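Subject: A structure for you to explore

Hi there,

Here is the structure I promised to pass on to you. Please open it and keep it beside you while you read my notes below.

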Amino acid sequence: LNGDLPALRPSTLRRLLARHRRRGAALSLVTTTLPHPAGYGRIVRDARGEVVRIAEDRDCGPAERAIREVNCGIYCADAATLIGTLRELKPNNAQKEIYITDAVARLIASGAKVAALLHDDADEVLGVNTREELSRVTRAMWARKAAELQTSGVTIVDPAQTCIDPEAQIGRDSVIWPGVAIQGATRLGEGCQVLSGSRIARCRIGRRVEIRDHSVLVESRVGNDVSIGPFAHLRPGSIVEADARIGNYVELKMTRLGRRSKAPHLSYLGDAEIGADCNIGAGTITCNYDGQKKHPTTIGRAVFIGSDSQLIAPVTIGDRAYVAAGSTVTEDVPAGALAIARGRQRNVEGWVAKRQPKKQTKQR
């Protein structure tokens, strides 16, 4: 095979091998037809339709240039016969190179059989030589994957605007909206919904998970019945257990969020272990980095973290503890305790009136 055939299917190779054996050929090759075949070797056939030789593009005459059937660089051959033939080849061409494709004419001249498999999908069997060709083949592979998933019961709202890696697996009754990219060997369970603008890379996602608009998940695990986003970011090593919720602008890194726990909005949770049934208020930050090392935050079960709290790691919050809103927690909080770590409020009566300048009386 040529080394630039990313879209080639195993089934095509099996068909070529079957044709090779059935014809008793010394060499078999795959061909296809192109509306504009410039740059490719042309397949020259005789009056009976049998392959006679391959004419490389730079060596073609006017009649050969008009041929639309081209060589794809995919071969099956008897090794001993082919190697012996290759030793006989000479650089008798415009580029003064030894063409492997000259083996076709040489084998036929020796009385050996050459068979061709004409393939109807050029995007699958032709190489990638330019960025434009790479883009075309990539789109073809995405379209192929989308069709495969739709056949298996996945709804893809607009395949032309959806990028799903061939290695990805998606369960039945899932819905993928436009603008979604699913990369690598991601596994998405049944009944999920991935909304527009989201990217999922090398993740394992459970069943009935909703990933809302413009969320990014990378190398993370998500349990069943979880809601994520919009605009959430799960960085590598994050684990979200069943029935949990990750909301708007929440970022996780190397963090486990326990069952039924929720971080609804505007939080950074890094290097944290968070138990079940916790509520993480808006603006919560686990301050995990001291400038040299990362440190863990451990939060027990059924903990309430008030909004705009900073947890200075390493720190542990015990089961059923409360952290008052606006607190900066630097010490462990015992189970069932309330931690308040903020400055005392002081109201200065009449302060505004004293600060306002006196109104000047207008002179008439």
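**The second largest pocket**

The second largest pocket is lined by Pro-6, Ala-7, Leu-8, Arg-9, Pro-10, Met-141, Arg-144, Lys-145, Glu-148 and Pro-166. Please keep in mind that this is a predicted model. The volume of this second pocket is about 160 Å³. Helix α6 gives the most to its lining, with four residues. Sorted by class, the lining holds six nonpolar and four charged residues, and no polar ones.

**The largest pocket**

How much space lies in the largest pocket? The answer is about 330 Å³. Its lining is made of 18 residues, and those nearest the centre are Asn-2, Tyr-40, Asn-71, Cys-72 and Gly-73. Here the classes are eight nonpolar, eight polar and two charged residues.

**Salt bridges**

A search of the whole structure turns up 21 salt bridges.

Start with Arg-42 and Asp-57, whose side chains meet in a salt bridge at 2.7 Å, N to O. Arg-42 belongs to strand β2 (residues 42-45), while Asp-57 is in the loop between β3 (51-55) and α2 (62-65), so this pair ties together parts that are 15 residues apart in sequence. Are these two residues buried or exposed? Arg-42 has a relative accessibility of 3%, so it counts as buried. Asp-57 is buried as well, because its relative accessible area of 17% is under the 20% cut-off. Arg-42 and Asp-57 are also linked with Arg-65 in a network of salt bridges.

Next, look for Arg-136 and Asp-123, which meet in a salt bridge at 2.8 Å, N to O. Arg-136 lies in helix α6 (residues 131-151) and Asp-123 in helix α5 (residues 122-125), so the pair ties together parts that are 13 residues apart in sequence. Arg-136 is partly exposed, with a relative accessible area of 24%, and Asp-123 is partly exposed at 26%.

Asp-225 is partly exposed at 33% relative accessibility, and Arg-208 is partly exposed with a relative accessible area of 42%.

**Aromatic rings**

How many aromatic pairs does the structure hold? There are two. In one of them, the rings of Phe-231 and Tyr-249 have their centres 5.0 Å apart and their planes at 10°, so the pair is stacked. Phe-231 is in the loop between β18 and β19 (233-234) and Tyr-249 is in strand β21 (residues 245-253), so the pair ties together parts that are 18 residues apart in sequence. Phe-231 counts as partly exposed, at 37% relative accessibility.

Phe-304 and Tyr-322 also form a stacked aromatic pair, with 5.2 Å from centre to centre and 20° between the planes. This pair links distant parts of the chain, with Phe-304 in strand β28 (residues 304-305) and Tyr-322 in strand β31 (residues 322-323), 18 residues apart. Phe-304 is partly exposed at 33% relative accessibility, and Tyr-322 is partly exposed at 44%.

One more ring to visit is that of Tyr-289: the charged end of Lys-294 sits over it, 5.6 Å from the ring centre.

Happy exploring!

Methods. Residues are numbered from 1 along each chain as its sequence is written. This is a predicted model: local features need pLDDT of at least 70, side-chain atom pairs count only at pLDDT 80 or more; totals for chains, interfaces and linings use all residues. Side-chain values use heavy atoms; hydrogens and water are left out. A salt bridge is a side-chain nitrogen of Lys or Arg within 4 Å of a carboxyl oxygen of Asp or Glu. Helices (H or I, at least four residues) and strands (E, at least two) are DSSP runs, numbered from the N terminus. Buried means under 20% relative accessible area, exposed over 50%, partly exposed in between (1.4 Å probe, protein chains only). On a 1 Å grid over the protein atoms alone, a cavity is a set of points where a 1.4 Å probe fits but cannot get out, and a pocket is an open set with protein on both sides within 12 Å along at least five of seven lines; lining residues have an atom within 4 Å of a point. Grid points are joined across faces, edges and corners, and a volume is the space filled by probe spheres set on the points. Ala, Val, Leu, Ile, Met, Phe, Trp, Tyr, Cys and Pro count as nonpolar, Asp, Glu, Lys and Arg as charged, and the others, Gly among them, as polar. Rings of Phe, Tyr and Trp (its six-membered ring) pair if their centres lie within 6.5 Å; planes under 30 degrees apart count as stacked, over 60 as edge-to-face and the rest as tilted. A charge sits over a ring if NZ of Lys or CZ of Arg is within 6 Å of the ring centre and within 35 degrees of the ring normal.
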